[in-house]
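Hi,

Here is the structure I promised to pass on. Please open it alongside this note.

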Amino acid sequence: MTRTHVPVLAGELIELLDPQAGETAVDCTFGDGGHARLVADRIGPAGTLICVDRDPAAEERFDEFAREVACATRFLRMDFADALGLLAEEGASADMVYLDLGVSSMQIDTWERGFSYSYDAPLDMRMDPTQELDAREVVNKWDERQLAQLFRRYGEERFSVQIARAIGRRRRRAPIETTNELVEVIKSAVPAPARFGGGHPAKRVFQAIRIAVNDELGSLDRALPAGWDLLRTGGRFGAISFHSLEDRRVKRFLADRARGCICPPDLPVCACGREPEAELLTQRAVVPTAGEVAQNPRAGSGKLRAARKIDAEETG
C-alpha cells in the first residue's frame, strides 16, 4: 500500500492513549489510516478497531487497510457524531476514542474536490460528495450579511464585510464557479498590505466555507459527549485540532469533565455533589516538534489534547 500522507502528532497520540493488546478503539476520522495503523499494531489480533469517515475515498482505502492489519476491523461511512450515536445504540463501549479533525491532506491534494485555494477547481468542499450543500451554493446563494458573519465567525477574518461585498458585486455579473475565481475576488477585497502577511489571503475564507459546508463544528459539538460516553472507565479520549475554533471546544469539554465541585466558593459545604470524571493527560495542548513541522508543514497548527475517564473512587 503506497502512502504519502503523514499523520500529525502520531507518536504523541499513541504515547498518551497507550493502546494495549486486546482493546477496542474508535478512530473517528480514518482519512488515510495513518493513526489507525499505529493503533492496530498495538491492539493486535485480539483487539478491535472501528473506523469512521464520511468520505467514500476513505472507505476505499480502508478496504486495503483492513486486509493488512491483524486486529478485527469495522468501517462506518458517516459523520462521526452519527457513528458514535449508532455505536451507543448498539451498546458498544471502547477503551479509546480519538479524532483527527479538519480536512485531510488527501482531500486537499485531490484538486477536483475544491478544498484548496492553491489549485483551480470547481467550488465544492464537500467531505461527503453525496450531500446537497456545497461551496458553490454558499458563495453564490447566501446573502452578503450571512457571508460576512460566516467569514468572521468561522474564519476569524477581519475583512469579512469587505470580502462579502466583493463576492456580492462579482456574482451579480456571473456566478462564481471555481476556486481561482473566488481567490481573485478575495484578493481584490483585502487591502494590499494585508495580502503579504499572515499567510494566503484566502486561507481564512476557505476555512469558513468548508466548515459551513460540512457542519464541522456542529458535528464536533455532538461528537465530544457521544465519544466520551462510549468510553469505559479507564478509557482514553484524544483530539487533534488545527484551528482555534476546534481547539477551544475540545479544551472546554475536557476541562469541564475534569472539574469537580461547582458550588460558589463562599459555600462552606459542597451542595452540588459533582465529582470529576476525567483526568487530563495534557495540561496544555501538545504541539508538533520543529522536526515534524519541517518534514510536514501542514502539521504546524496541530494541537493534541487528551484525557482519561475515571470514576468517583479515583478522585476520593
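Below is what I found in it, starting with the ground rules.

This is a predicted model, in which local features need pLDDT of at least 70 and side-chain atom pairs count only at pLDDT 80 or more, while totals for chains, interfaces and linings use all residues. Residues are numbered from 1 along each chain as its sequence is written, and side-chain values use heavy atoms, with hydrogens and water left out.

Strand 1 pairs in the parallel sense with strand 2 (residues 48-52) over four bridges (pairing needs at least two DSSP bridges), and Val 26 stands opposite Ile 50. Three bridges join strand 1 to strand 4 (residues 94-100), also in parallel, where Asp 27 stands opposite Tyr 98.

Next, the aromatic rings. There are nine aromatic pairs, counting Phe, Tyr and Trp (its six-membered ring) with centres within 6.5 Å; planes under 30 degrees apart are stacked, over 60 edge-to-face and the rest tilted. Phe 30 and Phe 62 have ring centres 5.6 Å apart and planes at 80°, so the pair is edge-to-face. Phe 30 is buried at 3% relative accessible area, and Phe 62 at 6%. Phe 30, Phe 62, Phe 65 and Phe 75 form one aromatic cluster.

Best wishes

Technical notes. Helices (H or I, at least four residues) and strands (E, at least two) are DSSP runs, numbered from the N terminus. Buried means under 20% relative accessible area, exposed over 50%, partly exposed in between (1.4 Å probe, protein chains only).
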